[in-house]
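These are my notebook entries on one protein structure. I set down what I looked up, entry by entry.

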Amino acid sequence: MNDPKSAGSRWKGAEQLPLAFTHDPASGRDDLLISDPLSAAVTIVDSWPSWPSPVVILTGPVGSGKSHLASIWRQRSGALDIRPNAGSGAAVVAANSPVIFEDVDRQGFDDTELFHVINSVRENGTSLMMTSRLWPMSWTVTLPDLRSRLKAATVVEIGEPDEDLLAQVIVKLFADRQLYIDDKLVLYIVNRMERSLNAAQTIVERLDRLALARGTRITRLLAAEVLNELGNSGSSD
């Protein structure tokens, strides 16, 4: 359990908000927690450059770990970020380096430019990773040749994080802040939270800040308050 006495000068007056300390999420390969929903995507990242096709598309819901995996692959491959808009020159970049295009379904793209990017990757022996909440067949594509190229890509779906992974993530996020909470409290949170890694990060951050503001420990009562505030079921058993 975290002990408020050990925090020393961090504790201020009741309800006084502390300074916003930054806790950058660890994004290295060793920081990745693996469970069944992530295993196939982790395997494809780890197997680069021996991919089954030069274009890989990671799909999954918000908070499923796509950004973390993309970050790992970017570090591993030296990939450059692109956004295939008309006149962007993304195809030229793709001819000389692995490239990554994140949040395809939200960012949008020019059909012809993305088609040229994929052709450039195929012709020059480089690699393209894309991430999306939606399967590529659900993207708004009007160019038949591009749709054909997307059908030839390797698509890996990431499922929603299971309870075991969420518990591991919560423990790690607290540990990153030098906070250690009881396993029963972790289970209490996991059983009542939204099933996403983003939600886990939001809950831990809010609990840490609220405990600091009030000069108290992170308790089940505090967790219930935060869960209710975030629209989850935080009622006591």
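**Entry 1: a loop residue, Leu134**

I began in a loop and found Leu134 between E4 and H6. The model I am reading is predicted. Is Leu134 buried, exposed or partly exposed? I noted a relative accessible area of 39% for Leu134, so the residue counts as partly exposed.

I then looked up what surrounds Leu134. Setting aside neighbours within four places in sequence, I recorded contacts of Leu134 with Thr59, Asp105 and Trp139. I also looked up the pair Leu134 and Val104: 30 residues separate them in sequence, and their C-alpha atoms are 8.6 Å apart in space.

I turned to the loop between H5 and E4, where Gly125 has its place. The relative accessible area of Gly125 is 66%, and this residue is therefore exposed, the cut-off being over 50%. From Gly125 to Asn96 I noted 29 residues in sequence and 8.9 Å in space, C-alpha to C-alpha.

**Entry 2: the whole protein**

I next looked up the overall inventory. The protein has ten helices and five strands. Of its 237 residues, 47% are buried. Among contacts with a separation of 6 or more, I noted that 73% join residues 24 or more positions apart.

**Entry 3: the sheet**

In which order do the five strands stand in the sheet? I read the order as E2-E3-E4-E1-E5, in an open sheet with parallel pairing. The edges are E2 (80-81) and E5, each of which pairs on one side only.

H2 (residues 66-77) lies across E1, E2, E3 and E4 (128-132), and its direction is at about 165° to E4. H5 lies across E1, E3 and E4, running at about 140° to E4.

**Entry 4: H5 with H6**

Two packed helices are described by the angle between their axes and the distance between the axes. For H5 (residues 111-124) and H6 (residues 144-151) I recorded an angle of about 45° and axes 9 Å apart. This angle makes H5 oblique to H6. Their crossing is left-handed.

Which residues make the contact? From H5 I listed Asp111, Leu114, Phe115, Ile118, Asn119 and Arg122, and from H6 Asp145, Leu146, Arg149 and Leu150. By class, the contact of H5 with H6 has five nonpolar, one polar and four charged residues.

**Entry 5: H7 with H8**

I then took H7 (residues 163-176) and H8 (residues 183-190), whose axes come within 10 Å and cross at roughly 125°. H7 and H8 are therefore oblique to each other. The crossing of H7 past H8 is right-handed. H7 contributes Glu163, Leu166, Ala167, Ile170 and Val171 to the contact, and H8 contributes Val186, Ile189 and Val190. I counted the classes in the contact of H7 with H8 as seven nonpolar, no polar and one charged.

**Entry 6: H9 with H10**

My last pair was H9 (residues 197-214) and H10 (residues 220-229). Their axes come within 10 Å, with a crossing at roughly 125°. That angle makes H9 oblique to H10. H9 passes H10 in a right-handed crossing.

On the H9 side I listed Ile203, Arg206, Leu207, Leu210, Ala211 and Arg214; they meet Leu222, Ala223, Glu225, Val226, Leu227 and Glu229 of H10. By class, I noted eight nonpolar, no polar and four charged residues in the contact of H9 with H10.

Definitions and conventions:
Residues are numbered from 1 along each chain as its sequence is written. This is a predicted model: local features need pLDDT of at least 70, side-chain atom pairs count only at pLDDT 80 or more; totals for chains, interfaces and linings use all residues. Side-chain values use heavy atoms; hydrogens and water are left out. Axes are lines fitted to C-alpha atoms, for helices over the stretch in contact, and angles run from 0 to 180 degrees between N-to-C directions. Helices (H or I, at least four residues) and strands (E, at least two) are DSSP runs, numbered from the N terminus. Angles under 35 degrees count as roughly parallel, over 145 as roughly antiparallel, 65 to 115 as roughly perpendicular and the rest as oblique. A crossing is left-handed if the near helix is turned anticlockwise from the far one by less than a right angle, and right-handed if clockwise. Contact means heavy atoms within 4.5 Å. Ala, Val, Leu, Ile, Met, Phe, Trp, Tyr, Cys and Pro count as nonpolar, Asp, Glu, Lys and Arg as charged, and the others, Gly among them, as polar. Two strands pair if DSSP finds at least two bridges between them. Buried means under 20% relative accessible area, exposed over 50%, partly exposed in between (1.4 Å probe, protein chains only).
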